[in-house]
Structure formats: C-alpha cells, structure tokens
Amino acid sequence: MTENNLSETLIANDLKTRFVGQRTIYYPSLTSTMETARQEAQQGAEEGTVIIADEQTAGRGRLKRVWLSPMGNIALSVILRPSIACLPPLIMLSSLAVMHSIKAITGLKPQLKWPNDVLIRGKKVCGILIESQVQASKVDYAIIGIGINVNLRLADFPEILPISTSLFHELGKEVARVTLVRHLLVEIERLYLALSAGESLYEEWQGNLVTLGKRVRVKSGETVHEGIAESVARDGSLLLRRPDGSLTTILTGDVTLRD
Ligand code: BTN
C-alpha cells in the first residue's frame, strides 16, 4: 500500500513555497475544513495557512450541498488575503492548480467544468468551494476549499458512482496524498503570485473548459437555463446562447452537459 499518511511535518517539511502551507494545521477529523479555516482567518491567521483533515463529518459543497469526505481523500482549505481584483479569478486559480497537480503526479489528463469542477473522463474528481469576507471593498479573507477524490473506493459510495470518479478508480492503484497536497500548495502559490503580479489566468482556464460549445442546462438558484455554453467572460461568468438567440450572463450555477 502507498504511504498514505498526512501530517503537518510531512506536508510542510522543506515545502518549496514562501507562505502557502508554511503553516499547516492537520486534524484527523473535522466537521468541515471551511469552518475551522474561517475561525482561523477571523482570528488573524497569516496568509497561506492551510487546514487539512483526513475526514470531514459535515463537508460542504457548493450551493449548500453536502460534500462526501471520507478517509483517503484530500480535504483542505487555504486562507488567502487577496486584493479585491484578485478575488473573482480565485476560481480559475484553484481549478488550474488542481488540474496541473493531478496531471503532474498521476499523468492523468483532467479537464475543467464551469465554474470550478475538475473532471476526468467526464466524471468529477474534485470540487472547489470559495468563501470570502469583504468589507468596504476590502477582502478580509478568502478561503479556497478543495476536495479531491483520491483513494476513494467508488463501490462503497454507489450514490455518487454515476457522476464521480477518484484517482484510485482511474489508475487502479493508490496515490500518495501527501505528494499531491505538496504539489498543489506549490501550484496554488505560483498561480497566486502570478495573479497578484497582474498576470491573467483567464486564457488557460477558458482553454480547458469542457463546457464551452456544448448544449447545457444550468441551474442557477431557482432558475434553469438551457442553451449553448458559448464562452466565459473575463470575470468568470458563463455566456449562454439561448434557443431564441439571446445571450444570458450567468454568474453562478450548476451545469449539466446535455450532449
Ligand atoms: C463542490 O463541488 O460542491 C465543492 C466541494 C468542496 C469540498 C471541499 S473539501 C474541503 C473543503 N471543506 C468543505 O467542507 N468543503 C470544501
């Protein structure tokens, strides 16, 4: 079996970052890393602090959904303190960081689904949740929550089987979580520094979205939109061409590919 332990020392020892992950707090079990990260952020935790748990008992997904978070997966939250201009592109940053890291560590070729799911062969391998606190146009903190199905045995969770996959399922062998986490933290910092220096992540993010050009159904709040996902705007919103020819901008939602 692959060495599969997580610990603060294993993650942070000789980690090639300036600040992301330099302070990592590990818990065997938490309700949600988002909750603990929020408390840490409110108490002044420095930028780059990472909260990571072996399992979450009340993992949170987007749109108030539950996120399944058993042992063997990766569940972590990173506290950042970006400028207001860098807040919307954190969606692009986090999905690209996960995509690059999975590719580098496993050789698999993930794709992105708007707004920030990471897929392998059309099935979800990672979900990302971003929460922030902004006051008077100043970001107090942003928390990037990342959940990756790493060594998850899908047969144990038939309810997610139709739409989800795991790295174990794709590769037929376990992946060392600590290696993936360390790569991910380096990648998050690299992209964050690039973004903060004024570089755009938009082109690469857009280029990896499987959603574009497809017939989609988008559930946004209580509204369901259908049409062709034509493009994404630089702020990350989706531009949907409806059957009547009009173009709708969707800020957030849940996409089902129809083709
Ligand atoms: C989604 O696709 O709905 C987003 C899922 C985000 C899950 C991660 S796991 C780490 C962090 N803690 C949580 O409770 N949620 C995020």
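Biologist: What is Gly-21 in contact with, leaving aside its neighbours within four places in sequence?

Modeller: With that exclusion, Gly-21 is in contact with Ala-12, Leu-15, Gly-48, Val-50 and Leu-185, where contact means heavy atoms within 4.5 Å. This is a predicted model, in which local features need pLDDT of at least 70 and side-chain atom pairs count only at pLDDT 80 or more, whereas totals for chains, interfaces and linings use all residues. Residues are numbered from 1 along each chain as its sequence is written, and side-chain values use heavy atoms, with hydrogens and water left out.

Biologist: Why is Gly-21 called buried?

Modeller: Gly-21 has a relative accessible area of 0%, and buried means under 20%, exposed over 50% and partly exposed in between, using a 1.4 Å probe and protein chains only, so Gly-21 is buried. Its place is in the loop between helix H1 (8-12) and strand E1 (24-30); helices (H or I, at least four residues) and strands (E, at least two) are DSSP runs, numbered from the N terminus.

Biologist: What makes Glu-187 buried or exposed?

Modeller: Glu-187 has a relative accessible area of 8%, and therefore counts as buried. This residue is found in helix H5, and touches Ala-97, His-100 and Ser-101 when residues up to four places away in sequence are not counted.

Biologist: Why does Arg-121 count as exposed, and what is its phi?

Modeller: The relative accessibility of Arg-121 is 67%, so the residue counts as exposed. Its phi is near 45°, a positive value in a residue other than glycine, and Arg-121 lies in the loop between E5 and strand E6 (123-135).

Biologist: Why is Asn-151 called buried, and which backbone nitrogen lies by its side chain?

Modeller: Asn-151 is buried because its relative accessible area is 5%. A polar atom of its side chain lies 2.9 Å from the backbone nitrogen of Val-175. Asn-151 itself is in the loop between strand E7 (138-148) and helix H4 (167-171).

Biologist: What makes a set of residues a nonpolar core, and which members of the largest one touch the most others?

Modeller: A nonpolar core is a set of buried Ala, Val, Leu, Ile, Met, Phe, Trp, Tyr and Cys residues joined through side-chain atoms within 4.5 Å. The largest here has 58 residues, of which Ile-102, Ile-146, Ile-148 and Leu-167 touch the most other members. Helix H5 (residues 177-196) supplies the largest share of this core, nine residues. Another core, of twelve residues, lies apart from it and has among its members Ile-25, Leu-30, Ala-53 and Ile-143.

Biologist: What expected span is helix H3 set against?

Modeller: Helix H3 (residues 90-106) has 17 residues and reaches 24 Å from its first C-alpha to its last, close to the 24 Å expected at 1.5 Å a residue, the expected span being 1.5 Å times one less than the number of residues. Of these 17 residues, 13 are buried.

Methods. Polar contact = N/O pair within 3.5 Å; in protein donor to acceptor, adjacent residues only side chain to side chain.
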